[in-house]
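Let us read this model together, one feature at a time. Keep the structure open as we go.

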Amino acid sequence: MLIVAGSKAYEEAEWLLANGAAEVYCGVPGLPNHRDEDQCLKDDAEFVRIALMARARGKRALLAVNEACFEDSYPSVAARVKAILKACRVPVIIRELPLLHYLRARGVKADFIISSLSLVFNSRALDYYRGLGVKRVILPFHLQPSEAGRLVNNRYGMETEAFFHADFCCPNMDPACRLDGWLKAFQVCRFPYTCGGRPHRMPEADVPQKLDQVYDTFHAGVKYLKIIRVNDFRDQQEVLKEARVMLALLEKGVSRGEFRKLGEKLYFSVSRHGGRTGG
Amino acid sequence: MTAEKALQLSAPAFRAAPARARRGLDLLYLGDEFCQNLVPSPDDFACAVDAFGGRVVLVTPLLTDAAFDSVEEIVEAHASPRRPLELVVNDLGLLHAARARWARSVRPSLGRVFMHRVKVMPRGFARGFLKEHGVRRVELDDPALLPRFEGFGLKYSFHTPFRYLSVTRFCPWERRWQGPCGYACLGAVRKLEHPRLPAPLLLKGQAYGVRTGRPPRHPAIDRLVGEPLPAPEAA
């Protein structure tokens, strides 16, 4: 599997590509993407520098346009995407159907990657995207590899990408989760609730379940493994190393049981998962 | 105009429901918009059509390929140009198939999950997208969304007393990803509380939401869909 890692800065992208990532994906301020501006690059020029640096190394950068935006912004989005593609031909990660159609109608010629946020859960959904320049589909976070066989081996030859589940888990299905918008708060899904007077958390996959997902994703034949952007780049560096070791184990052909055992040690060696604090 | 009256039940809930629960209904909504394990099998659907005797609407969530196969089997068996099948759709693949393969035999209604994707589309695109896919009805549970589709010539089915806010595929009842189901959620609701919430969150099946009151009055709401919302589990 090839690793695709999110990046927030040129220096990060350089490190990620030098340390095992085959591709980096980035958002830029003002182009709609699924992260706040503090997790975006400074500007379009920084993206172009990253794309050219990646190409010089035989690797790639991907432009994230994976969020909805107001129709008024469509012309400026199309113009900026066009300008970026003129400077460096890169694939574009897209979420919204109308924006995909708009970009194509405005002559934006790119290989499009359908975002996990587009919720493509079955191979029949690919029939819709056929003929729209789509080369890859990112599997939704909540779709299990065991359910995705026909998507992975689809008849259109579209590539597939999946999340590195051993990094994190979202309890609910983004973008079908509207809790944050309802309460105008952040990560309402992680609140410490009570249920019947007892502490309650919205359940999410535990570590063995996450490791099984990594194991099954690898064996399903998914081509790309996605590592998300996070605020603290040191965390992401650790996660990338963790992913590389896990992939090496899988390429060696370890059994599911062995992978769970070794994977759990690796998982808890990562600060983000409690390694730094021991918690 | 009197609104049609429908009851929404999952396939296992329909099997367990007494016949009197179906009295006075114009339609039965069979299935679930949030969990594919609660969608009827082809056999379930056939039994429900026989037992109910009236119109049965097939309700579907986001679908994996395996679940899609089952829905496809129901459509092939029960939909025809003479007797079109109403289908609540939350999946792009299913909506696309409804247009491409079953345009004359299926009447798609935009489901509550899909509706939130369409509501953020530019109005012109949304109108064209719905028209192109033969969507003339939208499932709603929030009156605030009515203006979003104003002027589209749509009819609305309004759901009470549960307004969905979030959905998961990591089953909160059985604490595992979806797969063979033990139906631990059947007939049960959990109430989640937190000081910052304006109202308790209810967990029903795979969906989190809130209890709502009476449906609003609106000329395009021509169908009211009720669903059982049992009292939350005691501690």
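Q: Is the crossing of α8(A) and α10(A) left-handed or right-handed?

A: Some ground rules come before the answer. This is a predicted model, where local features need pLDDT of at least 70, side-chain atom pairs count only at pLDDT 80 or more, and totals for chains, interfaces and linings use all residues. Residues are numbered from 1 along each chain as its sequence is written, chains are lettered from A and ligands numbered from 1 in the order in which they are written, and side-chain values use heavy atoms, without hydrogens and water. Now the case: α8(A) and α10(A) make a right-handed crossing. A crossing is right-handed if the near helix is turned clockwise from the far one by less than a right angle, and left-handed if anticlockwise. Helices (H or I, at least four residues) and strands (E, at least two) are DSSP runs, numbered from the N terminus.

Q: At what angle do the axes of α8(A) and α10(A) cross?

A: Two packed helices are described by the angle and the distance between their axes. Here α8 (residues 207-220) and α10 (residues 256-267) of chain A cross at roughly 120°, and their axes come within 9 Å. Axes are lines fitted to C-alpha atoms, for helices over the stretch in contact; angles run from 0 to 180 degrees between N-to-C directions. The pair α8(A) and α10(A) is therefore oblique. Angles under 35 degrees count as roughly parallel, over 145 as roughly antiparallel, 65 to 115 as roughly perpendicular and the rest as oblique.

Q: How are α1(A) and α9(A) oriented to each other?

A: The axes of α1 (residues 10-18) and α9 (residues 233-252) of chain A cross at roughly 15° and come within 11 Å. These two helices, α1(A) and α9(A), are therefore roughly parallel.

Q: In what order do the strands of the chain B barrel run?

A: Strands of a sheet pair through backbone hydrogen bonds, either parallel or antiparallel. In chain B, 8 strands close into a barrel with parallel pairing, in the order β1-β2-β3-β4-β5-β6-β7-β14. Pairing takes at least two DSSP bridges between two strands. For β1 (residues 4-9) and β14 (residues 221-226) of chain B, there are 4 bridges. One of the partners is B:Val225 in β14(B), bridged to B:Ala6.

Q: How much area is buried between chain A and chain B?

A: The size of an interface is often given as the accessible area lost when the parts come together. Here about 4,500 Å² is buried between chain A and chain B, and carbon and sulfur atoms give 62% of that. Buried area uses a 1.4 Å probe and is summed over both parts. On the chain A side, A:Arg124, A:Arg178 and A:Trp182 lose the most area to chain B, together 17% of what that side buries.

Technical notes
Buried area = accessible area lost by both parts, 1.4 Å probe.
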